[in-house]
Amino acid sequence: MHDGGARTGDIGAKAVARRAEAIVEALQFSGRSVATAESCSIGHVGRVLAEARGASQVYLGTVVAYTKRSKQRGLGLANHLLTGPMGAVTSDVAIAMAEGVLNLMGASVAVATTGVAGPAPDEDGNPVGLLIVAVAEEGQASAAATFEFGDRGVEGFHACAVGTALAMVADRLGLGTDVPGTVPGRGRPTPARRNTGSAAAFSPDTRQ
């Protein structure tokens, strides 16, 4: 688990906008697209991407799946992914969300958020400030990382979620954006086991 610091949620609105524009430009240059699946960030990541210049060429849309039921119906998550001790706030759930919206929208890259914005812990006892972000990419292994931001208020948490999600997308695209807990400028979150409901093990080198 990473301690959320100034390189993600604490960056200002202008820095977030610049990061979103850099992502959009990189996707334009490579002829690729992006989509988001959001729970705790309630669409804010997609909004920031959509506001970047040129977004209409690369941003496909957002699925806001706030409840467990909407994650199942909107993104196709298997029931067993949501019924463990941590409920919907796990790496497996985040990865399934990212892969679900990647396939749903036919995107090249997708990012997903799940966590607890507050003001109280969720129904499964997960603490306020817990955030998990996953990135899925066409033809590549998906990855998720966990962050703990503490209680910063709902709006503060949303800012942290947006900054962290954009940082992880930028990192995946090779833009040199630092993500907490990784090697500055070139690190990536540790690939998490991908659970699709089958007995097949997840390989971090190939997308199954």
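Tutor: What follows looks at helix H4 and then at the rest of the chain. This is a predicted model, in which local features need pLDDT of at least 70 and side-chain atom pairs count only at pLDDT 80 or more, while totals for chains, interfaces and linings use all residues. Residues are numbered from 1 along each chain as its sequence is written, and side-chain values use heavy atoms, with hydrogens and water left out.

Helices (H or I, at least four residues) and strands (E, at least two) are DSSP runs, numbered from the N terminus. Helix H4 covers residues 91–105, and its 15 residues should span 21 Å at 1.5 Å a residue; the expected span is 1.5 Å times one less than the number of residues.

Of the 15 residues in H4, 11 are buried, where buried means under 20% relative accessible area, exposed over 50%, and partly exposed in between (1.4 Å probe, protein chains only). The buried residues are Asp 92, Val 93, Ala 94, Ile 95, Ala 96, Met 97, Ala 98, Glu 99, Gly 100, Val 101 and Leu 102. An α-helix has 3.6 residues a turn, so residues three or four places apart point the same way.

The buried residues of H4 pack against strands E2 (34–38), E3 (59–64), E4 (109–115), E5 (130–137) and E6 (143–148), and against helix H3 (68–75); contact here means heavy atoms within 4.5 Å. Just after H4, Gly 106 has a positive phi of about 65 degrees.

The protein chain has 5 helices and 6 strands, in the order β-α-β-α-β-α-α-β-β-β-α from the N terminus. Of its 208 residues, 52% are buried. Among contacts with a separation of 6 or more, 66% join residues 24 or more positions apart.

Elsewhere, Ile 42 lies in the loop between E2 and helix H2 (44–50). Ile 42 counts as partly exposed because its relative accessibility is 39%.

Cys 40 is buried, with a relative accessible area of 3%, and Cys 160 counts as buried at 0% relative accessibility. The structure holds 0 disulfides, a disulfide being a pair of cysteine sulfur atoms within 2.5 Å.
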